Amino acid sequence: MSHLLARLQRGLILFNAGLAGLAMILIFLLVAGNAFARYTYGGSISWGEDTAIYLMIYGLMFGMAWAYLQDKHIGFDLIRRLLPARWLRWQAIVIDLVVMAVGIALVVSAIEFIDSRGSRTSASTGMPMWLYQASMVLGGGLLSLSALIMGALRLTTPADQEVAP
């Protein structure tokens with residue numbers, strides 16, 4: 001079971017890293033192209049700025065899950081340093097459960113938001129806003145899945161070993 005979870009963790013790390021990197025590349029190309037057009041042709045792509053913002057949000061969602069799967073996220077080490085060593089594993093599992101709940105709450109609130117405002121269209125791109133707002137559903141789902149995998153890995157990995165990607 002632990003081997004399957006480790007493979008799933010590595011696969012999700014590659015998936016999230018690849019899509020976060022792709023979003024960064026697209027943002028760079030879009031912003032650079034817009035700047036080039038502005039200074040050479042006197043105008044820019046009308047939908048470029050908004051699209052770069054939406055790509056940044058999607059990239060952030062992939063990056064958030066990528067960081068969590070590698071335990072490279074922001075943490076509060078003060079509490080961790082005060083706990084006895086035998087409690088550290090359980091503290092990490094409790095945090096995984098809390099993060100999973102936060103991810104699920106993000107999905108639910110994003111779905112409610114899309115339901116109330118998803119029929120609108122973007123003024124700059126002409127595309128439905130739910131395409132951009134779905135980033136929060138995707139991000140919450142990926143974060144919940146990441147926390148579930150990390151919690152399961154912590155439970156199935158022997159206590160003297162650290163969960164590693």
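Colleague: Which residues form a nonpolar patch on the surface?

Modeller: Please note at the outset that this is a predicted model. The nonpolar surface patch is made up of Leu22, Ile25, Leu26, Phe28 and Leu29, and together these residues have about 490 Å² of accessible area.

Colleague: Where does Phe28 lie, and is Phe28 buried or exposed?

Modeller: Phe28 belongs to helix H1, which covers residues 2-41. A residue is called exposed when its relative accessible area is over 50%. Phe28 has a relative accessibility of 57%, and therefore counts as exposed.

Colleague: Let us turn to charged residues. How many salt bridges does the count give?

Modeller: The general idea is that side chains of opposite charge can pair when their charged atoms come close. In this model the count comes to 2 salt bridges. In one of them, Asp71 pairs with Arg154, and their closest N and O atoms are 3.0 Å apart. This pair links distant parts of the chain, 83 residues apart: Asp71 is in the loop between helix H2 (48-69) and helix H3 (77-82), whereas Arg154 is in helix H5 (residues 130-156).

Colleague: What are the closest N and O atoms doing in the pair of Arg154 with Asp96, that is, how many Å apart are they?

Modeller: For the salt bridge between Arg154 and Asp96, the separation of the closest N and O atoms is 2.6 Å. Here too distant parts of the chain are linked, since Arg154 in helix H5 and Asp96 in helix H4 (residues 85-117) are 58 residues apart. Through shared partners, the salt bridges join Asp71, Asp96 and Arg154 into one network.

Colleague: Why does Arg154 count as buried, and what is the relative accessible area of Asp71?

Modeller: Buried means under 20% relative accessible area. Arg154 counts as buried because its relative accessibility is 10%. Asp96, at 1% relative accessibility, is likewise counted as buried. Asp71, by contrast, is partly exposed, with a relative accessible area of 34%.

Colleague: Which residues does Ser146 touch, leaving aside residues up to four places away in sequence?

Modeller: Ser146 is located in helix H5. Its relative accessibility is 1%, so Ser146 counts as buried. With residues up to four places away in sequence not counted, Ser146 touches Ala65, Tyr68 and Leu69.

Terms used: Residues are numbered from 1 along each chain as its sequence is written. This is a predicted model: local features need pLDDT of at least 70, side-chain atom pairs count only at pLDDT 80 or more; totals for chains, interfaces and linings use all residues. Side-chain values use heavy atoms; hydrogens and water are left out. A salt bridge is a side-chain nitrogen of Lys or Arg within 4 Å of a carboxyl oxygen of Asp or Glu. Helices (H or I, at least four residues) and strands (E, at least two) are DSSP runs, numbered from the N terminus. Buried means under 20% relative accessible area, exposed over 50%, partly exposed in between (1.4 Å probe, protein chains only). Contact means heavy atoms within 4.5 Å. Patches are made of residues with over 30% relative accessible area and no salt bridge: like charges are joined within 9 Å, nonpolar side chains (Val, Leu, Ile, Met, Phe, Trp, Tyr) within 5 Å. Accessible areas come from the Shrake-Rupley method with a 1.4 Å probe; for residues, only the protein chains shown count as cover.
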